[in-house]
Amino acid sequence: MAGIAFIVAVIAVVLAVVFFFQGQSAAEAVKALRGEIEAARKEAESARGELRKQQEELKARSAQLQETREKLQDSRKKAQDARGGKAQSRGAREAELEEDLAHARKLTEEAHAAETAARRELQAARAAEAQARTELATAQTRLRDAASRPAPVAAPPPPAAPPAPEAEALREQLEAAKSELERQG
């Protein structure tokens with residue numbers, strides 16, 4: 001009888017140790033997923049900031065383009081007025097007008113190129129933000145799944161398990177998105 005009681009006590013102690021280690025490993029997994037979610041949130045917020053910055057830059061470049069167009073129109077009006085009122089030689093007036101027109105065209109082309117570049121950067125920032133949001137939603141889903149899963153009753157996990165392939169893949173995706181945002185900025 002004492003032998004059975006001893007065996008039951010040993011089994012109870014072993015099970016208590018197993019449950020303790022399983023509970024700790026589950027808590028560490030949830031903690032790691034929460035950290036990844038927080039990192040994804042920060043990255044999404046960073047992407048939103050970049051998006052706002054790109055939008056402001058696009059507005060500024062659009063305003064510059066509009067200003068350049070207005071200057072071109074003013075130059076054309078002055079050129080038309082000069083034709084009727086001044087007594088300059090025709091060749092000198094034409095040369096001056098051609099120079100003004102070439103300068104206005106150059107400014108317009110530069111503003112247009114800047115606007116196009118800003119639009120591309122804005123689209124890239126929006127795509128990066130969408131990707132970060134998707135990754136954040138995925139990480140949140142994984143956290144909810146990990147938190148809702150009951151702890152397994154099997155043997156205790158190894159003391160230092162390498163990171164899960166899913167977490168490693170998510171981390172690599174987040175680092176790639178971060179480096180892409182830094183490259184664009």
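**Notes on a helical model: salt bridges, cores and a surface patch**

1. Let's start with a charged pair: Arg 48 and Glu 45 join their side chains in a salt bridge, 2.9 Å from N to O. Bear in mind that this is a predicted model. Both residues sit in helix H1, 3 residues apart, which is about one turn of the helix. Arg 48 is partly exposed, its relative accessible area being 24%, and Glu 45 is partly exposed too, at 41% relative accessibility.

2. Arg 48 has another partner. Its side chain also meets that of Glu 129 in a salt bridge, here at 3.5 Å, N to O. Since Arg 48 belongs to helix H1 and Glu 129 to helix H2, this pair ties together parts that are 81 residues apart in sequence. And how accessible is Glu 129? Glu 129 has 8% relative accessibility, so it counts as buried; the cut-off for that is under 20%.

3. In total, the structure holds 11 salt bridges.

4. One more pair is worth a look: Glu 67 and Lys 71, whose side chains form a salt bridge of 3.5 Å, N to O. They are 4 residues apart in helix H1, so about one helical turn separates them. Glu 67 is partly exposed at 43% relative accessibility, and Lys 71 is partly exposed with a relative accessible area of 47%.

5. On to the nonpolar side. Which residues make up the largest nonpolar core? There are 10 of them: Val 30, Leu 33, Ile 37, Ala 40, Leu 136, Ala 139, Leu 143, Ala 146, Leu 170 and Leu 174. Helices H1, H2 (90–148) and H3 (165–184) each supply at least two residues of this core. A second, separate core has 5 residues, among them Leu 58, Ala 118, Leu 122 and Ala 125.

6. Leu 170, one of the residues in the largest core, is a handy place to look around. Setting aside neighbours within four places in sequence, Leu 170 is in contact with Glu 36, Glu 135, Ala 139 and Arg 142.

7. Finally, the surface. In soluble globular proteins, nonpolar side chains tend to be buried together. Here, though, Phe 6, Ile 7, Val 10, Ile 11, Val 14, Leu 15 and Phe 19 make a nonpolar surface patch of about 660 Å². Phe 19 lies in helix H1, which covers residues 2–85, and counts as partly exposed because its relative accessibility is 45%.

How values were computed
Residues are numbered from 1 along each chain as its sequence is written. This is a predicted model: local features need pLDDT of at least 70, side-chain atom pairs count only at pLDDT 80 or more; totals for chains, interfaces and linings use all residues. Side-chain values use heavy atoms; hydrogens and water are left out. Patches are made of residues with over 30% relative accessible area and no salt bridge: like charges are joined within 9 Å, nonpolar side chains (Val, Leu, Ile, Met, Phe, Trp, Tyr) within 5 Å. Accessible areas come from the Shrake-Rupley method with a 1.4 Å probe; for residues, only the protein chains shown count as cover. A salt bridge is a side-chain nitrogen of Lys or Arg within 4 Å of a carboxyl oxygen of Asp or Glu. Buried means under 20% relative accessible area, exposed over 50%, partly exposed in between (1.4 Å probe, protein chains only). A nonpolar core is a set of buried Ala, Val, Leu, Ile, Met, Phe, Trp, Tyr and Cys residues joined through side-chain atoms within 4.5 Å. Contact means heavy atoms within 4.5 Å.
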